[in-house]
Amino acid sequence: MTSPTEEPLGQSGPEARADWLIFRDDGQPHLAIESMPGPPPWRRFGPGTRFDPAWSLPRPPDPGLERRLGPRGMRGGTLIAKEIELINAAMLLRRPLLVSGKPGSGKSSLAYSLAFELQLGRILRWPITSRSTLRDGLYRYDAIGRLHEAGRQVGMFGDSRADRRGPDSQPSTDDIGSGTSRLPEIGRFLQLGPLGTALLPYKHPRVLLIDEIDKSDIDFPNDLLNILEDGEFEIPELARLPAAQREVEVRTDDPDGAAFVTAGRVQCSAFPIIVLTSNGEREFPPAFRRRCIQINLAEPDLPALQRIISAQLGPESTAASERLVEYFLRQKNQRTIATDQLLNAIYLRMSGELPDRLRDGILRPIDGSDG
């Protein structure tokens, strides 16, 4: 018999939903985050300035939401009670979520579910590779592009300092940081990354997905420690500017987005909702795990699979795919098969014939166990 803590809150009735839950996994958008309790004393950050009215709630949905969660109603009720409670605990404590689980268990989709239900708008997404560095997520500065632009302006208008250096010389980096009015604005050549954008002083948090962190270099989790603890970082190229250029407008990770950075420091006001996903391919250092709330997502059971299939392919797909789902569950008990493989097979079944040989090819185990 399934214990109450293993039932999806979306199916166990209103009486099973604790009043303290902000995220409920019921697929119904709401603005409960506006009344979320304040952070504990050790997780309070700067007061923030220059809140952008465009980021007031509710925010427009993420453009990729339907592709991630399905065009026929945003699905809910795929998480068990323990998972929902841990997600809410991370939000209240202003801590990142370290989400692990087998492929297809919904790790990345969780960030989209959070953003949709809480009406927090566009997801900031940072896919991690073995070459990813902390600075990639914080900001990018095109110093070469700024030097070229300065050189072009020197060629067009002339410059006494350039004349003294010689006709073939280029502006130095000292010239670039000197604050001379004829040099191009540094903000045009500096763009915040997804993590840097998430740490801007919004009134309400952004949702940041740091995807597949276990693919990173071995030192990468430790590099994140101070950022996750302090909720702020410095941009040295801006911190070195003279007082007259204390406030600089820079680009953000949002399309056509811009923000003001003061004295070269970015500090969050509302700590972002950070979802870090891991396929369990490596262990993380204790200091990193201590700063996170850890969740191991259970694989979708039959009711959860039916909701996922209905959301993606329509309610008529549930009955049409019944035998295929039963086959999938039998195979999944022995091998690793992802949920999106099942969706592929169902789509082909609904589009025409799906002979057994094609079904077996589509549902081939991804762990190499072809026996």
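Reader: What should I know before I start?

Author: This is a predicted model, where local features need pLDDT of at least 70, side-chain atom pairs count only at pLDDT 80 or more, and totals for chains, interfaces and linings use all residues. Residues are numbered from 1 along each chain as its sequence is written, and side-chain values use heavy atoms, with hydrogens and water left out.

Reader: And what counts as a helix or a strand?

Author: They are DSSP runs numbered from the N terminus: H or I over at least four residues for helices, E over at least two for strands.

Reader: OK, α3. How many of the residues of α3 are buried?

Author: 11 of the 11 in residues 107-117, so α3 is largely enclosed by the rest of the structure. Buried means under 20% relative accessible area, exposed over 50%, and partly exposed in between, with a 1.4 Å probe and protein chains only. The buried set includes K107 and E117, along with L110, Y112 and F116.

Reader: What covers the buried residues of α3?

Author: Among the elements doing that are helices α1 (65-69) and α2 (81-93), plus strands β1 (97-100), β2 (124-127), β5 (207-211) and β10 (273-278). Just after α3, Q119 has a positive phi of about 60 degrees.

Reader: Switching to helix packing. At what angle do α13 and α15 pack?

Author: About 130 degrees, with the axes 12 Å apart, for α13 (residues 302-313) and α15 (residues 322-332). That makes the pair oblique. Axes are lines fitted to C-alpha atoms, for helices over the stretch in contact, and angles run from 0 to 180 degrees between N-to-C directions. Under 35 degrees is roughly parallel, over 145 roughly antiparallel, 65 to 115 roughly perpendicular, and the rest oblique.

Reader: Which residues make the contact of α13 with α15?

Author: L302, L305 and I309 from α13, and V325, F328 and L329 from α15; contact means heavy atoms within 4.5 Å. By class, that contact has six nonpolar, no polar and no charged residues. Ala, Val, Leu, Ile, Met, Phe, Trp, Tyr, Cys and Pro count as nonpolar, Asp, Glu, Lys and Arg as charged, and the others, Gly among them, as polar.

Reader: What about α15 and α16, how do they pack?

Author: The angle is about 150 degrees and the axes are 10 Å apart, with α16 covering residues 339-351. The two helices are therefore roughly antiparallel. In α15, L324, V325 and F328 meet T339, L342, A345, I346 and R349 of α16. That contact has six nonpolar, one polar and one charged residues.

Reader: Now the strands. Which residues of β7 are on its covered face?

Author: V248 and V250, while E247, E249 and R251 are on the uncovered one. β7 pairs with β8 (residues 258-262) in the antiparallel sense over five bridges, where pairing takes at least two DSSP bridges between the strands. V250 has A259 as its bridge partner. The hairpin has six residues between the strands, and D256 takes a positive phi near 60 degrees there.
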